[in-house]
Amino acid sequence: MSDLETPPPADPSGLGPEVKQSLLGRYDVAQKAGGLLAPVLTAVLAFAVGGLVVLVTTGKNPLTTYRAIFDGAGFNWFFPWVTGDERSIAALNMQQTLILTTTLILTGLAVAFAFRCGLFNIGGTGQYIVGAVLAVWIGSSFQNTNSLLHIFLAAIAGAMCGALWAGIAGFLKATVGAHEVISTIMLNWIAVFVGVFLFGLGGPLQNDTQEFIPISNDVVEGAKLPVFWGDPLLQGLHVGFFVAIGALVVYWLILNRTTLGYGVKAVGFNPEAARYGGISVSTNYFLAMAISGAFAGLAGAIDILGWQFRLSTNDVSGLGGGGVAFVGIAVALLGRNTAVGVALAALLFGGLLTGTSTRNLDPEIFKPELASNLTLLIQGLVVMFVGADLIVLWLMARMRRRKPA
Amino acid sequence: MTDASRTVLEMRHITKRFPGIVANDDVSFDLREGEVHALLGENGAGKSTLMNILYGLYHPDEGEIEISGKPVRLGTPSAAIDAGVGMVHQHFMLIPVMTVAENIVLGEEPTHAGAFLDLGEANDRVREISERFSLAVDPKARIEDITVGQQQRVEILKALYRNADILVLDEPTAVLTPQEAKELFEIIQGLTAQGKSIIFISHKLNEVTEVADRITVLRRGKKVETLPAEGATEESLARLMVGREVLLRVEKGPANPTDLLLEVENLHVFDDRGIEKVRGLSLDIRAGEIVGLAGIDGNGQTELIDAMTGLRGVAAGTVTVAGDDVTTASAYGHFNAGLGHIPEDRQRRGLVLEFSIAENIALHDYRQAPDSRFGWLYPRRLIERGARLIKEYDVRGGGAQTRAGGLSGGNQQKVVLAREIDRNPRVLIAAQPTRGLDVGAIEFVHRRLIEERDEGRGVLLVSLELEEILSLSDRILVIYEGEIVGEFSPDASEEELGIAMTGGGRGQEAAA
């Protein structure tokens, strides 16, 4: 048929007609157009600007600084020529990085899943907190339960509670159209203060033996996740890591192999077409938020059962101002909402957070107090550059065009 | 117009490349004083690109433009306006709450003491121009209160107010009723008689032969030919446009209507703003017939279709599909009751552009076997079905896993068509099924709709194109302000239908 050969409508931007679509549509196009290169470029760009800041403000060589962060994160463990003591330290650092990666994969998936339905779940914090609360409550109760059952119960309860928490926002969105950004932020603060109330002095879940410390009871030994790499006393890597890997697989399967994922994606890309197709938009909003919240709630539960073992009011209110759930946003953005992307971005941010922590960064090279700010700086830059990924794509298109000329 | 006329515009060897395509390839175009020069071509043939170059929106990669013999560089629309070029876009650029005169003078307002708007002067100047060119409009009327045809005149006046000598009319009849189109052609004659030159962009063959002095045909970015309108036939132009023989008239046998399939009774529907758009409408469709619903845009067609397909609540009345009352059913329920729906906006509603062709084809059925079982999706089955339908419906431009958004409009529509027809519906509601498609794709869609009729489905064709209604329908209903105001046979004239569409002869039943 003739209309095949006619050229597509002209577009001066060079990005194709898709660019004018919804944010999510743009995102999808960017994902396909840029492939792996665009997010890598985004990260490199963020690191370059961060390095510039290091150079200008402290006069330190950014490369040695990054090298120190790299080692602090334990990434040198991958090098076979690193041996002896250096290798054992690298292993310890790597374990810390992977513990954080575990959390960030889950909080990243929480943001990514909602994103796929066209929703911005900024309430990972609240969902994480309620998940952690449930896990610490169940984990510190039922002294003599079968260990496997106990862990399973605590983790599932955490995930369910996260799902419920996010489900509130999803329900409000589906029924009265309340914007999920507003409602999830509000739910974050509600979760924070519920936590403060529960573990505060005299609170219902406050420690039974130390009545002047605003902290929960400890998770009983049987409910702690087994450590499979490193020493449990030195906070080795717990099996929650595999739960996160499993979550990545589940995420991919839901989106690509289930009718649920089909509906969620259809609503995310084009709610009007989904509605026309007979898909309930409001049901999918609710389900997407609930599943998203389950990932975040699971993150909270895994952290409690894997290495934190207790929750204090300080932990809870500290989360309110940012924390792992917020880093999840950067992880999802940089990972472009794909399973593999989220895994890699979580590893990057996990490494960055570990490598710049006071404990891990060589103070000779860079003041660790400043270094953690560097992490936040790079995190911010990544989010900004991802938001401006069309600039990166445009630059790439230009370079491509210039080459043959 | 005589051959001795002065050439007012000369575009020579214009080439414009976009990444991956050459939108204009060595196109030359000229315009003489007082002539109507039509620019004809399918979607994507390069008409808009050429005109956007003339209007300063794009810069040509090669070639030059001369206006009245002087080479010009048109960097911006304001440069083009200064050079005497005026453009009337297909979608009007008017502010609804302001008056006609305010809209016309906007940006170049007459003032008192250099600062205060002189509205009296504005009204006088607008009245003066509108009288000089016999473009009757009331300068003090608000845009939202006047008809689309009058709004178009305001757009023309806007250009004339800025002293345009060259007027570009982009698909000007697309939004008009037949009567309004007639009036527009008279206006065009009046303008050319006073020395204005007009570029008339269109893909409708009949009006091009009617209104133009010369015709330039573009195909795939290249100029095919410039020929005098005299002696050109619709068939010859179609061949130039498409590059092969095209069947312009739809060939179909007589209808053979049998069982009642779709019954709409006394339907009342409100739009989002709470205005009653469908007011006690009844219609029925039998197996084996195409019923055309003619009407001017905004007379309740959209709300009627949405209500019939479960996308909008019904305030009163019933919708019955093959005996099942589906009045309160969901969209999914309607599909399962045997309704197929080709939506009027395939990009906004008919397709998820980011999904592959295969995924789009599964849009209604992905929850059922064999696409899925117990919530588990089988993408390979989707792809197999997609591949089969791509072949069957001759979708070009990609395979089953190609993004739907990457296809041309005609091929996107074929995907929608394939999905709706392959489900084997009993009634097919086709809303503007050929909007924005070019001649070749229109031919395909029309043929397919007739085949569906002949296979015993009921088809409701809702279209703003009277010609399409007349050539496809076995029975024509006219909708006006949410009611059916007349039923006509397909031999009715465009004039008869046009009168009914504008509310004239209301309640009067013509020969059925």
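Two residues are in contact here if their C-beta atoms, placed from the backbone, lie within 7 Å. Keep that cut-off in mind at each stop. The model is predicted. Its scores are ipTM 0.82 and pTM 0.79.

**Stop 1: His446 of chain B**

Select His446(B). It sits in helix H15 of chain B, residues 439-454. Leaving out residues up to four places away in sequence, His446(B) touches Val250(B) and Leu472(B). Show those two beside the histidine.

Is His446(B) buried or exposed? Count the other C-beta atoms within 10 Å: there are 21, so His446(B) is buried. The cut-off for that label is 20 or more.

**Stop 2: confidence in chain B**

Colour chain B by pLDDT. The mean is 89, and 97% of the residues of chain B reach 70 or more. Then select residues 507-512 of chain B. Here pLDDT stays under 50. The model gives this stretch eleven contacts beyond four places in sequence. Where pLDDT is low, predicted coordinates should not be read in detail.

**Stop 3: chain A as a whole**

Switch to chain A and show it as a cartoon. Look for 16 helices and two strands. Chain A has 405 residues, and 53% of them count as buried. Consider the contacts in chain A with a separation of 6 or more: 74% of them join residues 24 or more positions apart.

**Stop 4: H5 and H11**

Select residues 124-140 of chain A for helix H5, and residues 281-308 of chain A for helix H11. Their axes are 7 Å apart, at an angle of about 45°. H5(A) and H11(A) are therefore oblique to each other. Their crossing is right-handed.

On the H5(A) side, pick residues including Gly124(A), Tyr128(A), Gly131(A), Ala135(A) and Gly139(A). On the H11(A) side, the contact residues include Gly293(A), Gly297(A), Gly300(A), Asp303(A) and Ile304(A). How do the residues of this contact divide by class? There are 13 nonpolar, seven polar and one charged.

**Stop 5: H13 and H14**

Move on to helix H13, residues 324-334 of chain A, and helix H14, residues 339-355 of chain A. The two axes come within 8 Å and cross at roughly 135°. That angle makes H13(A) oblique to H14(A). H13(A) passes H14(A) in a right-handed crossing.

From H13(A), select Val327(A), Ala330(A), Val331(A), Ala332(A) and Leu334(A). They meet Val342(A), Ala345(A), Ala346(A) and Phe349(A) of H14(A). By class, this contact of H13(A) with H14(A) holds nine nonpolar residues, no polar and no charged.

**Stop 6: H8 against H14**

H8(A) passes H14(A) in a right-handed crossing.

Which residues make the contact? H8(A) supplies Leu248(A), Tyr251(A) and Trp252(A). H14(A) supplies Ala339(A), Val342(A) and Ala343(A). The residues of the contact of H8(A) with H14(A) are six nonpolar, with no polar and no charged.

Finish on Val342(A). This residue of H14(A) takes part in the contact with H13(A) and in the contact with H8(A).

Terms used:
Residues are numbered from 1 along each chain as its sequence is written. Chains are lettered from A and ligands numbered from 1 in the order in which they are written. This is a predicted model: local features need pLDDT of at least 70, side-chain atom pairs count only at pLDDT 80 or more; totals for chains, interfaces and linings use all residues. Helices (H or I, at least four residues) and strands (E, at least two) are DSSP runs, numbered from the N terminus. A residue is buried if 20 or more other C-beta atoms lie within 10 Å of its own, exposed if 12 or fewer, and partly exposed in between; C-beta atoms are placed from the backbone. pLDDT is the predictor's confidence in each residue, from 0 to 100. Axes are lines fitted to C-alpha atoms, for helices over the stretch in contact, and angles run from 0 to 180 degrees between N-to-C directions. Angles under 35 degrees count as roughly parallel, over 145 as roughly antiparallel, 65 to 115 as roughly perpendicular and the rest as oblique. A crossing is left-handed if the near helix is turned anticlockwise from the far one by less than a right angle, and right-handed if clockwise. Ala, Val, Leu, Ile, Met, Phe, Trp, Tyr, Cys and Pro count as nonpolar, Asp, Glu, Lys and Arg as charged, and the others, Gly among them, as polar.
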